[in-house]
Amino acid sequence: MSSVRRVSHDFLERQGLTTVFGNPGSNELPFLAGLPEGFRYVLGLHEGAVVGMADGYAQATGRPVLVNLHAASGSGNAMGALTNAVAARTPLVVLAGQQVRPAIGPEANLASVDAPALMKPLVGWAAEPACAEDVPRALAQAVFEARLQRRPTYLSVPYDDWSAEAGDNAAAVLDRRVELAAVPGAGQGQRLVERVAAARRPALVLGGDIDSDGLFDDAVHLAERLGAPVWAAPSLFRLPFPNRHPQFQGVLPAGIAPVSAAFEGHDLVLVLGAPVFRYHEHLPGAYLPEGTRLVQVTGDASAAARAPMGEALVADPSAVVDLLLKSLDAPARPAAPYRPVPEPLTAEGPGLHPEQVFAALRDELPEDTAYVVESTSTNAAWWRQMDLRRPGSYYFPAAGGLGFGLPGAVGVAMARPDRPVVAVVGDGSANYGITALWTAAQHRIPLTVVLLRNGTYGALRWFGGLLGVPDAPGLDIPGLDFTRIAEGYGVAARHVEGAEELRAVLAEPAAGPRLIQVDTALTTPS
Ligand code: TZD
Ligand code: CA
């Protein structure tokens, strides 16, 4: 008879979860025993980086990914990173080691007391199987729940379960197939089509799910067919639409009053693949202008249920986009030219203006470069200078939890060796996920890190003004040299001065990972 471990490894292999991101401890070693040839274990040196790498990898492949963490301490270290995975709807399957069952009650060292409760409410499903025999089935459930809910799941397994004998029925999970279909019913679809066709001045709001679901190009067809202005949803984590397209209005500001102001004059706002809405700054007001109706289409039932206004249809955005494209007979408008980029602003004091840095990226790097951005005060400069026309071009920490940038970029680069990948990170953000540099060096991942050093938590200075707190301590971070930090982790690094040197260095070929540090002037996010 087969062991629990053997059946579990087989199941993971059949489901394609063979790249495992982890950081092990004693409780986890028995799961890792005899990992079959086809598996690749990617070691991260801190659990925040482990989850960030897995998040980037899962987002860029569109598939569930196994994360192996150590008991309560490793799981706790991972929680900040998990907030981003939850908001990005990333199907991470977190498998944590547990003490043997008799040691949990007396709280022996490394027992994770009430392990599932520790991870709730972050994860969508969490469990510790009641007996060894149930482990393969529970692992299968963790994978399927992650895929169906599009949310991380958590399974805690006592370490002696792995060598236990699997029951006679254990192999039944091996050929399971679990699929989700969420096409609107005929009546629901027709009502939506009629609503959209009858709108005098519709507006489209697209969320990160549009890019995650592979609908970037379809969204362009739909928008051109409707002739409607397009916004990206607030607190954006993936770019759903080409940002210089003539119909693109930008990312909606993350406050109630400014969102409402943007919709002024529109009778219908159609939101596809986004929560309504992920506001951030508290700028109160009416949710919508007089006479504006909002319809949200999302595959996320909870996002539909918790929205404070509007109608919602819980359906797969891809089925709805298809339906609209088939049903709306308006011809596509002749394509207007894409918006030109403005001259980059320049800084007065020392250091480059971030716009000069982004203009250099735009000009020197290939058009299909994927950017993982974690630089917060440079948001306005970024969108003014960039020209992103391809799916999968932009990733940002979805819940605003810093520590995604560097690890996420490593994960995206591992998933997409066919595309150049660049991390654009601030000197504050970089520290939360810095250990990912070591993984990038060990795997010789071709990744360019552009590190913007302004010596401060720039976005928090701006927030201080907004919140009437001009004198908060703890906002400056002088004395950090990321070229030396990077070299310590095995990553080649350069400090560059001036826009010309930056352009020249960016244009150089690079085989493995490299970090380019550039001093920048302080700007505001908007
Ligand atoms: N800790 C975590 C895990 N996430 C956060 N978002 C913060 C703290 C708070 N925070 C922000 O929201 S922005 C920011 C912090 C500390 C400053 C980031 O500094 P940076 O970028 O150097 O990366 P800028 O461009 O200087 O703002
Ligand atoms: Ca900074």
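The model I looked at is predicted.

**Entry: helix 10 and helix 13**

I looked up how helix 10, residues 216-226, lies against helix 13, residues 317-327. The two axes come within 10 Å and cross at roughly 40 degrees. Helix 10 and helix 13 are therefore oblique to each other. I noted the crossing of helix 10 with helix 13 as left-handed. On the helix 10 side the contact is made by D218, H221, L222 and R225, and on the helix 13 side by V321, L324 and L325. Sorted by class, this contact has four nonpolar residues, one polar and two charged.

**Entry: helix 8 and helix 13**

Next I took helix 8, residues 186-198, whose axis comes within 10 Å of that of helix 13. The crossing is at roughly 60 degrees, which makes helix 8 oblique to helix 13. Helix 8 passes helix 13 in a right-handed crossing. Helix 8 brings G189, L192, V193 and V196 to meet V320, L323, L324 and S327 of helix 13. I counted the classes here as six nonpolar, two polar and no charged residues. I also noted L324 in both entries: it belongs to the contact with helix 10 and to the contact with helix 8.

I then followed an open sheet of six strands, in the order 2-1-3-4-6-5, with parallel pairing. Strand 2 (40-43) and strand 5 stand at the edges with a single partner strand each, so one side of each has no neighbour in the sheet. From one strand to the next, the twist averages 20 degrees. I checked strand 1, residues 19-22, against strand 2: they pair in the parallel sense over four bridges. In that pair T19 stands opposite R40 of strand 2.

Two helices that pack on this sheet went into my notes. Helix 3, residues 47-61, touches strand 1, strand 2, strand 3 (65-69) and strand 4 (92-98). The direction of helix 3 makes about 175 degrees with that of strand 3. Helix 7, residues 135-149, touches strand 4, strand 5 and strand 6 (153-158). The direction of helix 7 makes about 170 degrees with that of strand 6.

I found another open sheet of six strands, ordered 14-13-15-16-18-17, and its pairing is parallel. Its edge strands are strand 14 (394-395) and strand 17 (492-496), each pairing on one side only. Strand 17 runs parallel to strand 18, residues 514-519, and five bridges join them. A492 stands opposite R514 in strand 18. Helix 14, residues 354-364, packs on this sheet and touches strand 13 (370-374), strand 15 (421-426), strand 16 (447-453) and strand 18. I noted about 165 degrees between the direction of helix 14 and that of strand 16.

**Entry: helix 14 and helix 20**

Helix 14 also packs with helix 20, residues 498-507, at an angle of about 35 degrees, with the axes 10 Å apart. This crossing is right-handed. I listed the contact residues of helix 14 as Q356, V357, A359, A360, L361, D363 and E364. Those of helix 20 are A499, L502, R503, L506 and A507. They divide into eight nonpolar, one polar and three charged.

**Entry: the calcium ion**

Which residues coordinate the calcium ion (ligand 2)? I found D427 through OD, N454 through OD1 and T456 through O, at 2.2 to 2.3 Å. The spacing of these donor residues in sequence is D-x26-N-x1-T. D427 lies in the loop between strand 15 and helix 17 (436-442), and N454 in the loop between strand 16 and helix 18 (458-466), so the pair ties together parts that are 27 residues apart in sequence.

**Entry: backbone angles**

I ended with the backbone. The peptide bond from K120 to P121 is cis, with omega near 10 degrees. P121 sits in the loop between helix 6 (115-119) and strand 5 (125-127). D114, not a glycine, has a positive phi near 55 degrees. I placed D114 in the loop between helix 5 (101-104) and helix 6. R444 is not a glycine either, and its phi is positive at about 50 degrees. R444 is in the loop between helix 17 and strand 16.

Methods: Residues numbered from 1 in each chain as written. Chains lettered and ligands numbered in written order. Predicted model: local features only at pLDDT ≥ 70, side-chain atom pairs only at ≥ 80, totals over all residues. Heavy atoms only, no water. Axes fitted to C-alpha atoms, helices over the stretch in contact; angles between N-to-C directions. Parallel < 35°, antiparallel > 145°, perpendicular 65-115°, else oblique. Left-handed = near helix turned anticlockwise from the far one by under 90°. Contact = heavy atoms within 4.5 Å. Nonpolar A, V, L, I, M, F, W, Y, C, P; charged D, E, K, R; others polar. Pairing = 2+ DSSP bridges. Donors = N, O, S within 2.8 Å, 3.2 Å for Na, K, Ca; no water.
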